[in-house]
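Open the model in a viewer and keep the selection tool at hand. The stops below go from the whole chain to single residues.

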Amino acid sequence: MQLKTLSTLRETNAEEALSKFDGLNGRDKQGNPAVTGLTDQNKATARREFNIADLVGTNGRYGALHPAALSNDDPVFAVIAYNTNSSGYTQTSVAADQYDKKVYERDAQASGVGQQVRPVSIFIHESAENRFFSGMAMSYRYGHQYAQHREAAIRQDLHLIGGFAGGGLEATSAVRQRPR
Ligand SMILES: [Zn+2]
């Protein structure tokens, strides 16, 4: 996703979602990748994001939350936590790629503008993106494009409607709030 607006109206209990993460993917003093503990500010940001819709964390993705290990110490590569009590996202635009300014999956994107993004679309998109990260490279640019292609193909196969998670999204509460 390329998320533009971060604001929330609704408070939910994000503590359980937050407990699935144990830090932030950052760098140590030598500049090597390292997991740093969550600051109060990191936690506040994560709570706000979960209140809007979801929290996604990936091992090794710089700046992203780091998934906590399972209780048997098995490491976790990615966590996608969707808040079903949130009003989620609305797809507000056909988004051009932030790097090359081309529009990928234009038809699929156009079919969802103005609509609420269903949780299933978020899961398809985020799963594809994380699969790309785990198997190929930690490149947001190509991970996002890959996820857009996968989402468009699955959307067609399953005849899914609603907003396209790989399009331009805004928090639904913010979208609804604007006209007064
Ligand atoms: Zn994406």
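Helices here are DSSP runs of H or I with at least four residues, strands are DSSP runs of E with at least two, and both are numbered from the N terminus. Counted this way, the protein chain has 6 helices and 8 strands. Along the sequence they follow the pattern β-α-β-β-α-β-β-β-β-α-α-α-β-α. Residue numbers start from 1 along each chain as its sequence is written. The model is predicted, and local features need pLDDT of at least 70, side-chain atom pairs count only at pLDDT 80 or more, and totals for chains, interfaces and linings use all residues.

**The whole chain**

Colour the chain by pLDDT, the predictor's confidence in each residue, from 0 to 100. The mean for the protein chain is 90, and 91% of its residues reach 70 or more. Confidence is highest in helix H3 (residues 106-110), at a mean of 98, and lowest in strand S1 (residues 2-3), at 50. Select residues 4-10 next: pLDDT stays under 50 there.

Now show the C-alpha atoms. They fill a box of roughly 45 × 40 × 30 Å along the principal axes. The radius of gyration is taken over C-alpha atoms, and the globule rule is 2.2 Å times the number of residues to the power 0.38. For 180 residues a compact globule would have a value near 16 Å, and the protein chain agrees, with 16 Å.

A residue is called buried if 20 or more other C-beta atoms lie within 10 Å of its own, exposed if 12 or fewer, and partly exposed in between, with C-beta atoms placed from the backbone. Of the 180 residues, 38% count as buried. Two residues are in contact if their C-beta atoms, placed from the backbone, lie within 7 Å. Among contacts between residues at least 6 apart in sequence, 72% join residues at least 24 apart.

**The cores**

A nonpolar core is a set of buried Ala, Val, Leu, Ile, Met, Phe, Trp, Tyr and Cys residues joined through C-beta atoms within 7 Å. Select Tyr-89, Val-117, Ala-128, Phe-132 and Ala-165, which touch the most other members among the 17 residues of the largest core. Helix H4 (119-135), helix H5 (140-157) and strand S8 (168-171) each supply at least two residues of this core. H4 gives the most, with 5 residues. Apart from this core lies another, of 10 residues, among them Phe-50, Val-56, Leu-65 and Ala-81.

**Two helices**

The expected span of a helix is 1.5 Å times one less than its number of residues. Select helix H2 (residues 40-52): its 13 residues should span 18 Å, and its end C-alpha atoms are 19 Å apart, which agrees. Its buried residues are Ala-46, Glu-49, Phe-50, Asn-51 and Ile-52. They pack against helix H1 (15-18), strand S4 (54-58), strand S5 (65-67), strand S6 (78-82) and S8.

Move to H5, where 18 residues should span 26 Å; the end C-alpha atoms are 25 Å apart, which agrees. Buried residues of H5 include Gly-143, Tyr-146, Ala-147 and Ala-152. The buried residues of this helix pack against H3 and H4.

**A strand pair**

Which strand pairs with S7 in the antiparallel sense? Strands count as paired if DSSP finds at least two bridges between them. S7 (89-93) pairs with S8 over 4 bridges. Gln-91 stands opposite Leu-169 in S8. Both faces of S8 are covered: Gly-168 and Glu-170 on one side, and Leu-169 and Ala-171 on the other, are all buried. Tyr-89 touches Leu-169, Glu-170 and Ala-171, among others.

Most residues other than glycine have a negative phi. Asp-73, not a glycine, has a positive phi of about 75°. Asp-73 sits in the loop between S5 and S6, and counts as exposed because it has 6 C-beta neighbours inside 10 Å. Lys-101 also has a positive phi, of about 65°. Lys-101 is in the loop between S7 and H3, and its 7 C-beta neighbours inside 10 Å make it exposed. After H5 comes His-159, with a positive phi near 55°.

Last, select Arg-176 in helix H6 (residues 172-177). Is Arg-176 buried or exposed? With 12 C-beta neighbours inside 10 Å, Arg-176 counts as exposed. The C-alpha atoms of Arg-176 and Thr-90 are separated by 9.5 Å, while the two residues are 86 residues apart along the chain.

Notes:
Lists of a residue's contacts leave out its neighbours within four places in sequence.
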